[in-house]
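Biologist: I am new to this structure and would like to learn how to read it. Could you take me through it, feature by feature?

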Amino acid sequence: MIAVAGLFAYPVKSCRGIELREAEVVERGIAHDREWLVVDSAGRFMTQRDWPSLARVTVAVVPGGLRIEAKGRPKLEVATPLPSVRRREVTIWKDTCTSRSAGSEAAAWFSDLLGTDCELVWMPPEEARQVDPDVARPGDRVAFADGFPFLLISQGSLDELNRRLDTPVPMDRFRPNIVVDGCAPHAEDGWAKITIGDVVFTVAKPCARCVITTTDQRTCRRSSEPLKTLAGYRLSAGAVLFGQNLVHSGRGEIRVGDVCLIEPSLGNPECR
């Protein structure tokens, strides 16, 4: 039996995630997932790819906004911007999005942390960022995630990777939204659809992994692993693939322990 083993949301893109027992699935993915973003003075998105210190930042969703902390720094309370707050255009990859500023205090906090001028912004619910139409349907939307509202990885895939590593790595290196268990390593490569509760997830494309996977999410230190080992057996067309990007239809609650109903893609012998 394949079931949900973990659920995660990342309210501020590239900061630490929140582990959930249950999650509300809304139009852009898990509620509050990557609604907030740190941008540079030009409005371009900032991530752990270039700013590994973002891994130090813990985030909690609280009534009316966020509570943000990092060791050795003052706690930051951030209110969800009101409609009257100034709007700012920001860029993430090739997309330009409308956001609202979280204010000068948040900007100063992150600027001090990263040692460069930057700002925290929030994507209002009416903002429509279209998922790549080459692999999704018109109207599929995403917040500030790289490209898709969900990333799914099986525990078996991580176990197989760790079997090959001298030092195992935790799942948080890969920043999934949904972790499933009860299937063979990389069985998710052969799935077409996954139904969890009332929500149907369609597999859009494999996830190409970047340098963030080499960043220890506790210390912010980097090494060559696990990308070096993954490249030895998960390299395809120049990209290291690990996990599957999903789009979804339907709304509702999904929970740890929920059974996953799998529709395999044609010719996949490993789904069970």
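**Reading the sheets and salt bridges**

Modeller: Strand E7 (residues 65-69) and E8 pair in the antiparallel sense over four bridges. Strands, like helices, are DSSP runs numbered from the N terminus (strands are E runs of at least two residues, helices are H or I runs of at least four), and two strands pair if DSSP finds at least two bridges between them. This is a predicted model, in which local features need pLDDT of at least 70 and side-chain atom pairs count only at pLDDT 80 or more, while totals for chains, interfaces and linings use all residues. Residues are numbered from 1 along each chain as its sequence is written, and side-chain values use heavy atoms, with hydrogens and water left out.

Biologist: Which residue in E8 is the bridge partner of Leu-66?

Modeller: The partner of Leu-66 is Val-78. On the pairing of E6 with E7, five bridges join these antiparallel strands, and Thr-58 has Glu-69 in E7 as its bridge partner. E6 and E7 form a hairpin with two residues between them, and Gly-64 in the turn has a positive phi of about 85°.

Biologist: What is the order of the strands in this open sheet of three?

Modeller: The order is E6-E7-E8, with antiparallel pairing. Strand E6 (58-62) and strand E8 (76-79) stand at the edges with a single partner strand each, so one side of each is left without a neighbour in the sheet. From one strand to the next the twist averages 20°; axes are lines fitted to C-alpha atoms, for helices over the stretch in contact, and angles run from 0 to 180 degrees between N-to-C directions.

Biologist: Which strands of the open sheet of four stand at the edges?

Modeller: The sheet of four strands has the order E5-E11-E10-E9, again with antiparallel pairing, and its edge strands are E5 (36-40) and E9 (87-92), each of which pairs on one side only. Here the twist averages 50° from one strand to the next. Six bridges join E9 to strand E10 (residues 95-101), and Thr-91 stands opposite Thr-96 in E10. H1 packs on this sheet, touching E5 and strand E11 (118-122), and its direction makes about 130° with that of E11; contact means heavy atoms within 4.5 Å.

Biologist: How should I read a salt bridge, and how many does a search of the whole structure find?

Modeller: Side chains of opposite charge can pair when their charged atoms come close. A salt bridge is a side-chain nitrogen of Lys or Arg within 4 Å of a carboxyl oxygen of Asp or Glu, and the search finds 17 of them. In one of these, the side chains of Glu-22 and Arg-255 meet at 3.3 Å, N to O. Glu-22 lies in strand E3 (residues 22-26) and Arg-255 in strand E18 (residues 252-255), so the pair ties together parts that are 233 residues apart in sequence.

Biologist: Where do Arg-163 and Glu-160 lie, and is Glu-160 buried or exposed?

Modeller: Arg-163 and Glu-160 form a salt bridge, with the closest N and O atoms 2.7 Å apart, and both lie in helix H2 (residues 155-164), three residues apart, about one turn of the helix. Buried means under 20% relative accessible area, exposed over 50%, and partly exposed in between (1.4 Å probe, protein chains only). Glu-160 is buried, with a relative accessible area of 14%, whereas Arg-163 counts as exposed at 59%.
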